[in-house]
Amino acid sequence: MTLNDRIFGILMLVLAVAYGWGATQFPEPFGGAESVGPETFPKVIAVVLALSSLYLIVKPDPDNAWPKGRIALELIIAVLVLIAYTLLLEPLGFILATLLAVGTLCWRMGAAPVRAYVTGGVAGVVVYLLFTFALDLALPLGVLSVLEGS
Amino acid sequence: METLGYLIDGFGVALQPHNLMFALMGAFLGTLIGALPGLGPANGVAILIPLAFTLGLRPETALIMLTAVYAGAMYGGRISSILLNIPGDEPAMMTCLDGYPMAQKGKAAEALAISAIASFMGSLIATVGLILLAPLLAKFALTFGAAEYFALFVLAFATLGGITGKNPVKTILAAAIGLMIATVGIDSTGTQRFTFGILELYEGIDFIIAIVGLFAISELLFFIEDRAGGGKGPMVVNKLKLSWKEVREIMPSSIRGGILGFIAGVLPGAGASLGSFIGYTLEKKVVGKKGYFGEGDPRGVAGPEAGNNGASSGALVPMLTLGVPGSGTTAVLLALLISMNITPGPLMFTQNADIVWGVIAALLIGNFLLLLLNIPLVGIFVKLLSVPPKYLLPIVTMVAFVGIYSISNSAFDLYFMVAFGVFGYFLRKLEIPMVPIILGLLLGPEMEKNLRHTLDIADGDWTALWDSGLAIGLWIVAFVGLVLPYIVGPILRRRMQAAAGHGNQTD
């Protein structure tokens, strides 16, 4: 099968056209248009991208298999964990968010759950202490900031 | 003898205690990064860049540390080649051929020590080559005008895939994507381009975020897909018994490998993989029937190891003198320079002489440190190597998060990094190389500046781009670099595979 490269080629061709069109829509720079302006370089890139995507559509390479079933699910979980990590980093604080994110990733990669979350917790605490005391950089403490006052 | 004076000044910079300390730290981390499978040198350096920032390191210190990481990674790559027959990175492939058989014969410690010595020789030769060649090339590069620079950038992209690269069109496509991302933001005339009114995009997309996402996050996803979290069993290394005679015996091989590697590193499109390949093939030819290559000949370990370390130091020549990197890792080092507000290129040798020569001196010192680290401490690296990826990769990911977050304290950047990671995963599935994207991101602004400059002077006449003999020469090399992989690529690839396959059969 050679579908992957073809689809990617089409997507990139669409991108090249949209990008090239976008470049023609720039407002005229202050002081009037000259022979070269902000749109020159993007136009060149758009042409190069369009030509190479056309080549890919015409002469695609053989496909690599996409992951299926459980593995695909694991990948989606991993990406969701990373997004959740970003979301929770500030409200929950670095240590708790790291405990959850690193722990879940270790667990999903095959570590025993307890060891996985212990790894996450230890990593979070160590890096937090390292950053706060050795490097003098503040990482968010989040809900754990109640401990700070005491 | 002006070079010598600069070099002595360079030692003055590199020998400052805190620089020495960071060099040692970098050498240690680098060896570790090189040893761990799936954490290649480019990846490792990329993850450490944000840390260099957050530590508030001075440019020369940051560069010294990361150059030490770079050099160390080349040492580390051999550990898993020798002990497990799994190359830690691509250039270490040839080390498997004789290193693993040596380990099977109970001579793992000797193989590791020999490879450390050969790596040292290779780097040393190449660093001397760098000291001799770089100032000359920098002086020559001062004659370059805008048109020549534009052609040079095209050349860099054209040869990036390397002679052994698979599909040059994919390299171009990737470069175009990188250049496109680089145009996002406000340009030099104050025009907003592709910002869609999003405030965070006004200053453009930070290439460090893109690099860390493309490398580190996509690596995590690949490990999950391969279900490779388990890791390997414990490894044992015997007690080292290496005589001076054995060390003397591998010296000629190391010297030959180092010189060849350096040349391969300097030339565009060759790189460390080719350096180690040529190093190995030459050794086999020179030694001939007297050798027992493929069955654990120490010279078969020394040749390619010296070759790949020589090539990695050689690759610094175009990066430092022209500002045009020829490999993924040197591209990442260039990212560091640019983000430290140092304009790479020939002027750096006069304007930032202390930094350039400090780094070169640090490279020499770093090699001694690495040799000292690698022979007695190899046991520690072997132990760390048996930490399974299922613990290691999540922690590496966390380090990437912390690094990026601490640059600007913004969650927006982290989403961007994750998005680049997912994008990188798809690109790797499609076998679109990521290094041209990064190079495009880095060189985009300079490339556009030079194009505009050329066209402005010539009043919009595009032929000005190939108006001088030098520029025409660069365009021709670029063209050859693009076409050559089609002709010689398949042959070279087959040979490398045949050599590797032969080695595996003799296991």
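Which residues touch the most other members of the largest nonpolar core? In this predicted model, where local features need pLDDT of at least 70, side-chain atom pairs count only at pLDDT 80 or more, and totals for chains, interfaces and linings use all residues, they are L66(B), A151(B), I211(B), V212(B) and I438(B), out of 219 residues in that core. Residues are numbered from 1 along each chain as its sequence is written, while chains are lettered from A and ligands numbered from 1 in the order in which they are written.

A nonpolar core is here a set of buried Ala, Val, Leu, Ile, Met, Phe, Trp, Tyr and Cys residues joined through C-beta atoms within 7 Å, a residue being buried if 20 or more other C-beta atoms, placed from the backbone, lie within 10 Å of its own, exposed if 12 or fewer, and partly exposed in between. Helix α6 (residues 108–141) of chain B gives the most to this core, with 18 residues, and the core also draws at least three residues from each of domain 1 (3–58) and domain 2 (69–149) of chain A, bounds that come from an automatic or database domain assignment. With neighbours within four places in sequence left aside, I211(B) is in contact (C-beta atoms, placed from the backbone, within 7 Å) with A46(B), V332(B), A335(B) and I438(B).

Chain B has 22 helices and two strands, taken as DSSP runs (H or I, at least four residues, for helices; E, at least two, for strands) and numbered from the N terminus. Its radius of gyration, 22 Å, is close to the 23 Å that the globule rule gives for 507 residues, so chain B is as compact as a globular protein of that length; the radius is taken over C-alpha atoms, and the rule is 2.2 Å times the number of residues to the power 0.38. Of the 507 residues of chain B, 62% count as buried.

In total, 49 residues of chain B are in contact with 49 residues of chain A. The largest share of the chain B side, eleven residues, comes from α18(B), and by class this side has 28 nonpolar, eleven polar and ten charged residues, where Ala, Val, Leu, Ile, Met, Phe, Trp, Tyr, Cys and Pro count as nonpolar, Asp, Glu, Lys and Arg as charged, and the others, Gly among them, as polar.

The mean pLDDT (the predictor's confidence in each residue, from 0 to 100) of chain B is 82, and 93% of its residues reach 70 or more. The model scores ipTM 0.89 and pTM 0.85.

Conventions
Two residues are in contact if their C-beta atoms, placed from the backbone, lie within 7 Å.
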